[in-house]
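Visitor: I am new to this structure and would like to learn how to read it. Please take me through it one feature at a time.

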Amino acid sequence: MLKILTERFRQGHRTLSDQAPPSLPSGYQGLPVLSSERCEEGCTSCAEVCPTGAVSPGPLLDLGACLFCGECARACPEGAISFGKDHRMAVRSRSDLVLTGQELKLAEALEARSRQLFGRSLKLRQVSAGGCNACEAEINVLSTVVFDLGRFGVQVVASPRHADGLIVTGPVSQNMREALLKTYQAVPEPRLVIAVGACATAGGPYRDHPEVESGVGGILPVDLFIPGCPPHPLTILDGLLRLLGRRGVG
Amino acid sequence: MIVKLSEIPRLDMHEWRGTCRHGRLAALTLWQGELLAVLVRPEGLVVRATRVEEEYPSLTPDLPSAQALERALFEEHGLRPVGHPWLKPLRRLRDGGQFYRVRGPQVHEVAVGPVHAGVIEPGHFRFQCNGEHVLHLEIALGYQHRGVERALVGGPSRRSIHYAETAAGDSSIAHATCYSELCEELAGVQASRRARAVRMVALELERLANHVGDLGALAGDVAFLPTASWCGRLRGAYLNLTAELCGNRFGRGLVRSGGVSVDLERIPALDTIRRDTQGAVEVLLANSWVRARFEDTGRLSLETARELGLVGPAARACGLPLDVRHELPQEDLPRPALCTAEGGDVMARALVRWQEVQASLDFLQQLELPSGELSREVGALAPAHLAVCLVEGWRGAVCHLAVTDDEGRFGRYQIVDPSMFNWPGLALAMRGQEISDFPLCNKSFNLSYCGHDL
């Protein structure tokens, strides 16, 4: 017992402060920055290398389909695409994910009635529907002592009956479609759906495969999209807090 | 390993079946009417072919490790293994599926999944129980099927490396390395020593993150919360080391055909994280009631492990010294020590992980990065060749096999995740156990659903 206590003392306090600036790795590829004015007429270099068809000349970048592999940025001869350090990327509507050079319209908080219901206590049931276990792992990380999701009143629960919504990962394989719909139906109304990662948003690398639905948006109404492959835990956390109105605009 | 298709030794069915029993079956595929078996033998990898029509006598009755591979071939290509004891779909689900049933007045069934209670991937577990006592467990997967192997045919394409990186997302480095080495073999180039060393660093960091995470999860399952909390934090710290290397916590974007995309200036300092890991794990393994729960739970014998073709820490915990880093070593680079344990129970699987954590840390702390270029040009792939590559991921041997067509495109691409062999190990480890020990046993294997379903 003494050994456990000594070790407990030694391991220290590890929870990240909510107010501290995010600590992101040096090579982190965050929100893409587009400089349309640099784009050369007739050049298609970016579109030619994109694995998921997320980029088109202009440049126009669908953040929902983006794997953040950086191929487009390396291919662009004019430097019209670069990946920045901003980890905040969650939005409320699928169309908001299409970047054209304007500022990303980050997720707004739920309307007053839903916020009253969920604002101080949000229980989510996670469903992996073809997810590769990377998005799932990053959601799991939020429940560790580092991020301590519970302090914001958000908790991942074991049963859809106890949940206020679903947090979906994966492109929704045909083999998981029915189980996902049944889980959704088991969540009492009103209920939320949160799509985490490129697969759940637009199919990821599996986009347009006949074995998948290319994202959850085609079969369920989605309240929050969180891009990334996988999204950084801070990106997921930021999205959840925005939805609950715990983060200011911007 | 690469071989010209025309130079693969052809055997008649009887001889071929006999030869499949010498060595460990790593892959089984069908190409232009020929069944090709890849075996890991002491002398290295060998491929043997035999001609088949619509059916052939199943290998499974004599070689249980072939069961999933034969089912996959039947499902994909309609090649019937006659005499296969349980030829049910592997990845294509229909009508809820069939299950073995135990009958008797006291016997009941427990069905779990596909949606589970935790944040994990989907799969279905069907227990036949007498009270709390598990008589039989059948594991039905396929829910994660995304068509990975089908989509790789016709490649390499822009998406190929992303399929590899997401085949089993917690093993991104292992699968991406396997894919890249396969392409390099087929193009007749080898990545520089430096590039291969950087890949090894990333591979060991991947192993560290997952092993430490698993030790924490095992602690959590027996309600030993201090280690569960600390290892949860430490797992993220190891992922952050990978992220410092390439920007992504899972190492995505680092490994590419021909080499690596970013250089590593020096091996990160590991003293602090090593001390924290040691403190967290030693407290766990020294605790008497943790030991009481780990010991003699979910035991597998060495014979069963060998029969099922178990790989990775699950096999090494039964005393089988199987490790691709040692079976098929890269002669010009160092490697972490081989770790085994005895007993094949949850305790042994925990101990092997802890030994491997220390071996990986030793390796990283002693490694001196050789010089060399980051990446080499990978040209066109050799047509009409077969290439196989194995990489020891944290779960065990990840195997990729490709057959190129006459134009040098992938005509067949097979991925064999270690989970293909290890899932039946979990099912057998549960026999005779209390059903309440299932989460603990499951965690001690921690297998991949998407790596199996592809």
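Guide: Helices, of at least four residues, and strands, of at least two, are DSSP runs numbered from the N terminus. By that count chain B has 16 helices and 14 strands, and chain A has 8 helices and 10 strands. Keep in mind that this is a predicted model.

Visitor: How does the radius of gyration of chain B agree with that of a compact globule, and what is the value?

Guide: For 454 residues the rule gives a value near 22 Å, and chain B has 22 Å, so the two agree. Its C-alpha atoms fill a box of roughly 60 × 60 × 35 Å along the principal axes. For the 250 residues of chain A, a compact globule would be near 18 Å; chain A has 19 Å, which agrees. The box for chain A is roughly 65 × 45 × 35 Å.

Visitor: What share of the residues of each chain counts as buried?

Guide: Buried means under 20% relative accessible area, and exposed means over 50%. In chain B, 63% of the 454 residues count as buried. In chain A, 56% of the 250 residues do. As for the surface, chain B exposes about 16200 Å², with 49% of it supplied by carbon and sulfur atoms. Chain A exposes about 10600 Å², and there carbon and sulfur atoms supply 51%.

Visitor: What can contacts say about parts that lie apart in sequence?

Guide: Take the contacts with a separation of 6 or more, and ask what share joins residues 24 or more positions apart. In chain A that share is 76%; in chain B the figure is 67%.

Visitor: Where do the charges lie on average?

Guide: One can compare the centre of the positive set with the centre of the negative set. Chain B has 49 positive and 56 negative side chains, and the two centres lie 3 Å apart. Chain A has 25 positive and 25 negative charges, with mean positions 12 Å apart.

Visitor: Which residues touch the most other members of the largest nonpolar core?

Guide: A nonpolar core is a set of buried residues of the nonpolar kinds, joined through side-chain atoms within 4.5 Å. The largest one has 114 residues, and Phe127(B), Leu254(B) and Phe294(B) touch the most other members. Helix H6 of chain B, residues 193-221, gives the largest share of this core, 14 residues. Apart from it lies another core of 44 residues, including Leu28(B), Trp31(B) and Ala397(B). Returning to Phe294(B), its contacts beyond four places in sequence include Leu218(B), Val222(B), Met347(B) and Leu440(B).

Visitor: Is Gly44(B) buried or exposed?

Guide: Gly44(B) counts as buried because its relative accessibility is 10%. Gly44(B) is placed in strand S4 of chain B, residues 44-51. Beyond four places in sequence, Gly44(B) is in contact with Leu39(B) and Leu328(B).

Visitor: Can we end with loops in chain A? Which residues does His87(A) contact?

Guide: His87(A) lies in the loop between strands S4 (81-83) and S5 (98-99) of chain A. With 9% relative accessibility, His87(A) counts as buried. Leaving aside neighbours within four places, its contacts are Pro22(A), Leu24(A), Tyr28(A), Leu234(A), Thr235(A) and Asp238(A).

Visitor: And are Gly218(A) and Val222(A) buried or exposed?

Guide: Gly218(A) is in the loop between helix H7 (197-202) and strand S10 (224-226) of chain A, and Val222(A) is in the loop between H7 and S10. Gly218(A) is exposed, with a relative accessible area of 70%. Val222(A) counts as buried, at 16% relative accessibility. Val222(A) touches Arg92(A), Val193(A), Ala195(A), Val216(A) and Gly217(A), not counting residues up to four places away.

How values were computed: Residues numbered from 1 in each chain as written. Chains lettered and ligands numbered in written order. Predicted model: local features only at pLDDT ≥ 70, side-chain atom pairs only at ≥ 80, totals over all residues. Heavy atoms only, no water. Rg over C-alpha atoms; globule rule 2.2 N^0.38 Å. Buried < 20%, exposed > 50% of the residue type's maximum accessible area, 1.4 Å probe, protein only. Contact = heavy atoms within 4.5 Å. Areas by Shrake-Rupley, 256 points an atom, 1.4 Å probe, with all protein chains shown as cover. Lys, Arg positive; Asp, Glu negative; His and termini not counted. Charge placed at Lys NZ, Arg CZ, Asp CG, Glu CD.
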